[in-house]
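Open the model in your viewer and keep the selection panel at hand. The stops below go from a strand pairing to a chain interface and then to a core.

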Amino acid sequence: MLIKDKKKLALTGGYAAAYALKQIEPDVMPIYPITPQTPIIETYAKFVADGEVETEMIEVESEHSAMSAAIGASAAGARTATATSSQGLAYMHEMLYIASGMRLPILMVVAARALSAPLSIHGDHSDVMGSRDAGWVQIFCENPQEVYDKTIIGMKLAERVGLPVMVIMDGFNTSHSVENLEILDAKIVKKFVGEYAPEKSLLDIENPVTYGPVALQESYFEFKIDQEVAMATVAEEYKKIAKEYAEISGRKYALFEEYDLEGAEKVLVLIGSVAGTAKDAIDVLRKKDQKVGLLKIELFRPFLFSEIAIALKNAKEIIVMDRAQSIGSHPPLYSEIMVSLQNASNTKVSSIVYGLGGRDVFKKQIEQILEGRFREKYLS
Amino acid sequence: MNKDLAKNLAPGHSACAGCAFPSIVRTILGEATTPVVISNATGCLEVTSTIYPYTAWNVPYIHSAFENAAATISGVERAYLAMRKKGKIKKKIKFVAFGGDGGTYDIGLQALSGALERGHNFLYVVYDNGGYMNTGNQRSSATPYGAGTETTPVGDESFGKVEMRKNLMGIVAAHNIPYAAQANIANLADLKMKAKKALAVDGPSFLTVFSPCTNNWKFPTSQYVAIAKLATETNFWPLYEIENGKYKLSWEPKTIKPVTEFLKTQGRFKHLFLPKNKLILGKIQKIVNDEFARIASLCGL
């Protein structure tokens, strides 16, 4: 950790997440190691070992138990966080639905990684796209600064809307890359996230509550509708919290990022760390007077169809870049964009899948895509 | 209904008449001297006690999934420690997890092992009815040798399950926890004594309790205690404790009844009494004798 000045640090995305978590100081953190999430939990374990935080860490024996323990802790009224990647997220898949179904505001940092088989420890979005229907808010980050900021925003958002939140960074590209970032004073963060005071808790002995009942045909449906209703409040609450966060940090986050979108005829839509490369490519092409721009998705769940449709309304051609497949269907982001643009019949939309299993993407390749010189389905 | 008995698990649940677990749960929780918080694996106990918008639980309760009652209670217990540290809670609370044998011997074994190893302050109770009864009687690793189930059906080429029961007590004991015991609802005073000891442990403790299932063992609803009693009188279900690693037999029958006395009370073993299965009955008696001898030897007898 290189300290440049009081507030600027050179950190990896993993360390940035751990640092934000340290300032949030959850009551309970169940943890289980998996590459490339390990730096997050190792760093946090050292904070605990050095007495910098009072968090109860639970070194569970699997990711399934990590999410199970997180559910128990959160239902007991504890501010709860965890972190995972890839097979770990797949292994806790069953419990993701139970966390959201019980409306527990658990925060989970994900260093997104490919799924087996064959085994790959490297980054892509297969894992998090696999959990896109699990009832969790999904916030994507481009770089370590966003990881730090959105971890803090995500905790507050979870507790505000009563839904679990994933804060997602690209495995290795972000989790293991060092960048300079600004961090806030610990006291400011503590005040920003505030005290967590849930209405109900398993530890409220005088007012016993039953979590996780059986719901039969006449009630199950309503529980599921309620989750959708809660999810529908997320965009507005995210905007409010991001605004409050801008006041303490000076960094502004919107529902998505528009980069040179104004006047852009050809637009890239993508998620995560590749946005940095894409911005560089756009800078090059803009200097050549090419009308190109970028829309970077930040919230994937909820997906903001109408807002995105408005943002893309002047684009003549859109290229959607997915870092995951939906084998047998269209890639996940492309599908969502097609739904967003269902009334924009004159817009040409194409799909490219890139970066599976940690395959690098270079600025030149994105320039080629934007110049119409690359027309394949896979940027492999 | 005795109000005191029902103070934790109220009447109005929908367990079958003649099911053992309501009295098991009430007897165990009746020995608690502090407030309790319950975690429960998916299974008969859970589905019959928490049909929304009703609950039979008068104490805080969480069910999250099938395989993770022990992992879920781990989180609850650590949340409690965090709140105590902050001074938000002062009361002593004991944490108790309930699971059937499917949720414990099989799918929940990893989560149980993890929680025992980590040393959480909780009592884990398995109500052992020897199969997946909530899904209609499929074989588990707790199903006895020779029992007919829906996945080990009796047929021309089959006499039921061909494997012996898993030695879960041995597995639990290998975690070197302070207290583990095998008990039976038919031996009420013994069950109460063991529950009291298990709840008093400051750390992990474990109880495995014999839980006859009227539906799938196929016996009249009035008979669950009588059948449970026979299980212990035939040495099919010996009562013992493992306290700080030391095995101790809780009860030894003066005259051991033949295991057929137990087997003949239940439809799941009916086929074993056909002449062609005579050897199987002999094998079951040998399994019971050997298992009791093994436990007795561990008890220094």
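Select Tyr211(A) and Ile62(B): Tyr211(A) stands opposite Ile62(B), a residue of E2(B). Strands (E, at least two residues) and helices (H or I, at least four) are DSSP runs, numbered from the N terminus.

This is a predicted model, where local features need pLDDT of at least 70 and side-chain atom pairs count only at pLDDT 80 or more, while totals for chains, interfaces and linings use all residues. Residues are numbered from 1 along each chain as its sequence is written, with chains lettered from A in the order in which they are written.

Next, select the interface: 39 residues of chain B are in contact with 37 residues of chain A (C-beta atoms, placed from the backbone, within 7 Å). On the chain B side, the elements giving two or more residues are strand E1 (36-40), strand E2 (61-63), helix H3 (69-85) and helix H5 (109-118). H3(B) gives the most, with 13 residues.

Now pick Val76(B). Leaving aside neighbours within four places in sequence, its contacts include Gly72(A), Ala73(A), Leu202(A), Ile62(B) and Phe95(B).

Finally, show the largest nonpolar core, of 216 residues, where Val76(B) and Val125(B) touch the most other members. Such a core is a set of buried Ala, Val, Leu, Ile, Met, Phe, Trp, Tyr and Cys residues joined through C-beta atoms within 7 Å; buried means that 20 or more other C-beta atoms lie within 10 Å of a residue's own. H3(B) gives the most to this core, with nine residues.

Definitions and conventions
Two residues are in contact if their C-beta atoms, placed from the backbone, lie within 7 Å. Two strands pair if DSSP finds at least two bridges between them. A residue is buried if 20 or more other C-beta atoms lie within 10 Å of its own, exposed if 12 or fewer, and partly exposed in between; C-beta atoms are placed from the backbone.
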